[in-house]
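Thanks for coming. I will go through one model today, chain by chain, and then the contact between the chains.

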Amino acid sequence: MRHADEYRDGRLARALAARVAQEANPAASYHFMEFCGGHTHAISRYGIQDLLPDNVRMIHGPGCPVCVLPIGRIDAAIKLAERPEVTLCTYGDLMRVPGSHGTSLLKAKAAGANIRMVYSTTDALRIAEAEPEREVVFFAIGFETTTPPTALAIRIAAAKKLKNFTIFCNHVLTPSAIQNILESPDVRELGRVRIDGFIGPAHVSTVIGSQPYAFFAEEFEKPVVIAGFEPLDVMQAVLMLVRQVNDGRCDVENQYARAVKPEGNEKAKAEVAEIFELRKSFEWRGLGLVPYSGLRLKEAYAEFDAERRFAMEDIQAEDNPACECGAILRGVKKPTDCKLFGTVCTPETPMGSCMVSSEGACAAHWTYGRFRDHVRAAS
Amino acid sequence: MTVKTYKRKLDFKNGRVDLSHGSGGRAMTQLIADIFHEALDNAWLRRGNDQSAFDVIGGRMVMTTDGYVVSPIFFPGGDIGSLAVHGTINDVAMAGAQPIYLAAGFIIEEGFALADLKRVADSMGEAARSAGVPIITGDTKVVERGKADGVFITTTGVGVVPDGLDLSSEKARPGDKVILSGTIGDHGVAVMSKRQNLTFETTIVSDSAALHQLVAAMVEADGPALRVMRDPTRGGLAATLNELAHQSKVGFRFSEDALPIKPEVAAACDLLGLDPLYVANEGKLVAIVAPEAAEDILAAMQAHPFGRDAAIIGEAVADDHHFVQMTTSFGGGRIVDWLSGEQLPRIC
């Protein structure tokens, strides 16, 4: 079985690395943001930074669904799970995300809340069917990639007339977040973050296509290269970005043509449009309230909306003041700029969401890359 | 007048363990006799005592105990019974010792099918016989439905350390070679493939095996050169190397290219978002050995069926941070850290 090895070939990686080194102007520096946590993980997991010249820097973006969920939403989920009639189904990563006052779903589960770890929306549906006496709520999170499966689950639940299945919807949209970063004072006025180009999302783009990025490339004059999540994809995308910068181009290029079409996946988009509508605004950790960046169920599917069925209130909760997750998610700070990093905040005892998911910038650097900090300190 | 008592046979077709099987009465005696004594039969058990006496052998002995709660109970390549024998034999063997006796404790949930219990006991008996390590005493408890999950097994093992050996976790030193006895991740992926909400088609089977004969071959090749051995079960190779790094106050460096891993295991891990370095093994060992003896020990391992794919994967280095570092196949460097949280609950 050949599987994915051809996208992880060390020989090809070295050849690409040599190209990048050759073509990057030594008198210039290049700052590229990889939006997706999937890319952040690949960069750390395969040590891609080691293969790039010093003047090509990667900035981690906010594209980690677990990381961008604000504390208030975690608190709301915990409150929901504590209701005796509710069984809350969630992806494993969310279990450890800290809520207010040191709470988490994991601790709520240990204290007796009925919380189940699931691998997909269909698992949650199955539980709802098997346990009709329980109110089964699926904690729906994620970008455009995970939204179609949730939409499908709603449609199945409607067809089966399931009365005990709802979702706590936290689906968010990538283009709104990228726009928010590019319009933020950090980037525009203060110049605290220099972004010369974006590595565009892999899986998200398979759904939404490459067209939505044309706006950024044109309006903000930033090149975008959509790339797959394998390490060679990332290397090649970096080379393509370097070339665009050198040529003074701001195009949307598609490195991930084996999966991404310009128009995306029409069927999945139609499925989502049938079930969901835009929220006026949605809170992101780090970015604050971002207009038209989140989804909720349409009125016709209101009976599957946990927020409506359980009259859930919006909970406003402050991040730990010392935690730099917000600035890290905006690309303003690096994990090592945070005083908590590696001291009180580690994957075992995360203080902020970026230390929880393997796609989070802090967890990725702690788990895979922190030896470089010591190498740097020693030299 | 003597009344001939009629004893109803255990119903292996439809019967289930009920609370009377744990009550200390006839039902319990029958359960133990007809399932456990039948399956594990040996001279010690036949005497029917609550303990077994055995002669003490001169020299140093090792003793270990381990609980088994794997879910599902039956998985490709093994079951909780064979696992409970292999796992404890391996913990004894990792001291360089030859295991001689086992003890087994069972916690059974009310309602557990007698047929399944027999299957587990038979599998234990078979594993113990083929390893040549008898189970000489045991205990059975039954708990109410919902207080356990089918059956939990605890096994205890004792073994004898050959003269001149003193393996211990603090003994790795810079320059020592790290030998891995074979492919990683097989057990965890095999168990995972049968999880209720995750069933996927695969030909992967658990590597569950007793490694004491492999260890005997290594001891014969160059026992004194063995610094420390460990079986990378829960937490996988990553956890084992991190534990040893901290206990020995060294770092480890190894190369991803040197790791033996089956392509189908790598593919399944990719699919499930797992890193094979963290996935449990039940028939593999990691040996830290003196560099000058590494090739001889490796050759002895490769000559044994359970060490056929053995490889030198890296070495211990001086490192105050005790980092385990890997050069990826891609060419970059990374840390192989402890696992945080549970990657796969109840894998053994």
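Among contacts in chain B between residues at least 6 apart in sequence, what percentage join residues at least 24 apart? The figure is 86%. Keep in mind that this is a predicted model, and every value I quote is computed from it.

Let me stay with chain B and start with its overall build. The chain has nine helices and 13 strands. Its C-alpha trace spans about 85 × 50 × 35 Å along the principal axes. For 348 residues, a compact globule would have a radius of gyration near 20 Å, and chain B comes out at 22 Å, so the two agree. Of those 348 residues, 49% are buried.

Now the domains. Chain B is assigned two of them, with domain 1 covering 19–161 and domain 2 covering 177–335. Their centres, taken over C-alpha atoms, are separated by 27 Å. Across the contact, 19 residues of domain 1 of chain B meet 24 residues of domain 2 of chain B. On the domain 1 side, α3 (80–93) and β4 of chain B each supply at least two residues. The largest share of that side is from α3(B), with eight residues. By class, the domain 1 side has 11 nonpolar and eight polar residues, and no charged ones.

With β6 (residues 151–161) of chain B, strand β4 (residues 98–109) pairs in the antiparallel sense over 10 bridges. In that pairing, B:Q98 stands opposite B:V160. With β5 (residues 135–143) of chain B, β4(B) runs parallel, and eight bridges join the two. There, the bridge partner of B:G105 is B:D139 in β5(B).

Next, a sheet of chain B. Which order do its seven strands take? The order is β8-β10-β7-β11-β9-β12-β13, in an open sheet with mixed pairing. The edges are β8 (226–230) and β13 (333–335) of chain B; each has a single partner strand, so one side of each is left without a neighbour in the sheet. From one strand to the next, the twist averages 25 degrees. One pairing in detail: β7 (residues 177–180) and β10 (residues 286–289) of chain B are antiparallel, with four bridges. Within it, B:V178 stands opposite B:I288 of β10(B).

Over to chain A. The assignment gives domain 1 (5–62 + 192–254), domain 2 (71–174 + 264–309) and domain 3 (325–378). I will take domains 1 and 3 of chain A, whose centres are 21 Å apart over C-alpha atoms. Their contact takes 14 residues from domain 1 of chain A and 13 from domain 3 of chain A. On the domain 1 side, the elements giving two or more residues are α2 (37–45) and β2 (56–63) of chain A.

Last, the contact between the chains. How many residues does the contact take from chain A, and how many from chain B? It takes 27 residues from chain A and 21 residues from chain B. On the chain A side, α1 (10–23), α2, α15 (361–369) and α16 (371–378) of chain A give two or more residues. The chain A side divides into 12 nonpolar, seven polar and eight charged residues.

That is the end of my part.

Key:
Residues numbered from 1 in each chain as written. Chains lettered and ligands numbered in written order. Predicted model: local features only at pLDDT ≥ 70, side-chain atom pairs only at ≥ 80, totals over all residues. Pairing = 2+ DSSP bridges. Axes fitted to C-alpha atoms, helices over the stretch in contact; angles between N-to-C directions. Domains from an automatic or database assignment. Contact = placed C-beta atoms within 7 Å. Rg over C-alpha atoms; globule rule 2.2 N^0.38 Å. Buried ≥ 20, exposed ≤ 12 C-beta atoms within 10 Å, placed from the backbone. Nonpolar A, V, L, I, M, F, W, Y, C, P; charged D, E, K, R; others polar.
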